[in-house]
Amino acid sequence: MAHVSIIGTGNMGQAIASVVSKGGNTVELLGSADKDQQVTGELVVLAVPYPAVRDVIAERGDQFAGKVVVDITNPLNFETFDSLVVPADSSAAAEIAAALPQSRVLKAFNTTFAGTVASGKVGDLPTTVQIAGDDADAKSLLSGIVAAGGLRVEQGNAGVVVAEEPRHAHGDAVQPARVAGHRRRALGLARALGMVLDALRERAAQPRLVRAAVGRRDGVAIGRQEPIGIAGPRDRPLRPAVDADLA
Ligand SMILES: NC(=O)c1ccc[n+]([C@@H]2O[C@H](COP(=O)([O-])OP(=O)(O)OC[C@H]3O[C@@H](n4cnc5c(N)ncnc54)[C@H](OP(=O)(O)O)[C@@H]3O)[C@@H](O)[C@H]2O)c1
């Protein structure tokens with residue numbers, strides 16, 4: 001039986017805690033009010049926003065020595081929604097690994113929504129948790145815990161540096177299509193979600209400018225942006241990177 005510590009009692013912390021318990025393993029959930037409580041798990045999940053990871057490491061870094069530390073963050077620039085806040089040749093997991101040289105750091109859960117982790121399903125398919133990292137034993141430990149909790153595991157060969165491909169932002173949506181082998185559907189969903197993200201970004205920059213929608217045409221998911229009242233600049237390209245990425 002494994003013992004897991006989860007730091008962060010929000011949506012993901014609670015969802016991951018339920019998976020751990022379902023698999024017959026033990027879990028402790030530590031919130032920001034539990035700073036005096038020592039971490040006792042052999043595996044520690046950092047279920048906090050990326051900017052808070054630095055504080056957690058400052059507060060508890062020494063307690064993580066010898067443990068497997070799991071980074072689940074999506075270090076998105078939440079002001080612009082168009083880039084990551086980690087260097088292009090790095091990743092959140094790689095930055096965390098550099099800050100915790102005595103821990104084995106994994107990347108996982110960043111491609112799944114809290115709701116699909118908790119329910120164990122994406123539509124009719126099992127939720128898939130992608131795990132990346134440099135240490136095979138650490139990956140096996142986390143894989144066992146996740147699989148025991150009823151989720152599907154995809155253990156890649158990717159190390160922590162390449163753990164954050166931008167396309168991971170579309171993980172839950174694209175994954176089931178990939179699993180089912182429907183590449184066309186995966187591309188459609190990725191395009192649609194990319195367009196919706198763009199629409200949301202535009203809307204954040206200029207409230208009430210556009211409305212985003214996802215629909216289906218000829219069996220393929222499509223994204224649509226509809227102006228609402230105010231005319232505005234519409235010269236921003238619609239995420240060509242997503243198409244190029246998956247092509
Ligand atoms: N939600 C999703 O579907 C999803 C999917 C994939 C990945 N993620 C990633 O998962 C992480 C958590 O997301 P979430 O949706 O669970 O966020 P959330 O619901 O806002 O929860 C974040 C938690 O972090 C805690 N926290 C912040 N600073 C802390 C500290 N220094 N020590 C201990 N706890 C601290 C907060 O506690 P207080 O409120 O007490 O400060 C809060 O409980 C993020 O990095 C996100 O990018 C989320």
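Student: Which helices each supply at least two residues of the shell around the ligand?

Tutor: Helices here are DSSP runs of H or I with at least four residues, and strands are E runs of at least two, both numbered from the N terminus; in this predicted model, α1 and α2 (50-60) each supply at least two shell residues. The most comes from α2, with four residues. Residues are numbered from 1 along each chain as its sequence is written. In this predicted model, local features need pLDDT of at least 70 and side-chain atom pairs count only at pLDDT 80 or more, while totals for chains, interfaces and linings use all residues.

Student: How many residues surround the ligand, and which are the closest?

Tutor: A residue is near a molecule if its C-beta atom, placed from the backbone, lies within 6 Å of that molecule; here 23 residues surround the ligand, and the closest are G8, G10, M12, A52 and T73.

Student: Which residues of α1 are buried?

Tutor: Buried means that 20 or more other C-beta atoms, placed from the backbone, lie within 10 Å of the residue's own, and in α1 this holds for M12, G13, A15, I16, A17, V19 and V20. Just after α1, G24 takes a positive phi of about 85°.

Student: What is the mean pLDDT of the chain?

Tutor: pLDDT is the predictor's confidence in each residue, from 0 to 100; the chain has a mean of 79, and 64% of its residues reach 70 or more. Over residues 226-247 the pLDDT is below 50. Where pLDDT is low, the predicted coordinates should not be read in detail.

How values were computed: Contact = placed C-beta atoms within 7 Å. Buried ≥ 20, exposed ≤ 12 C-beta atoms within 10 Å, placed from the backbone.
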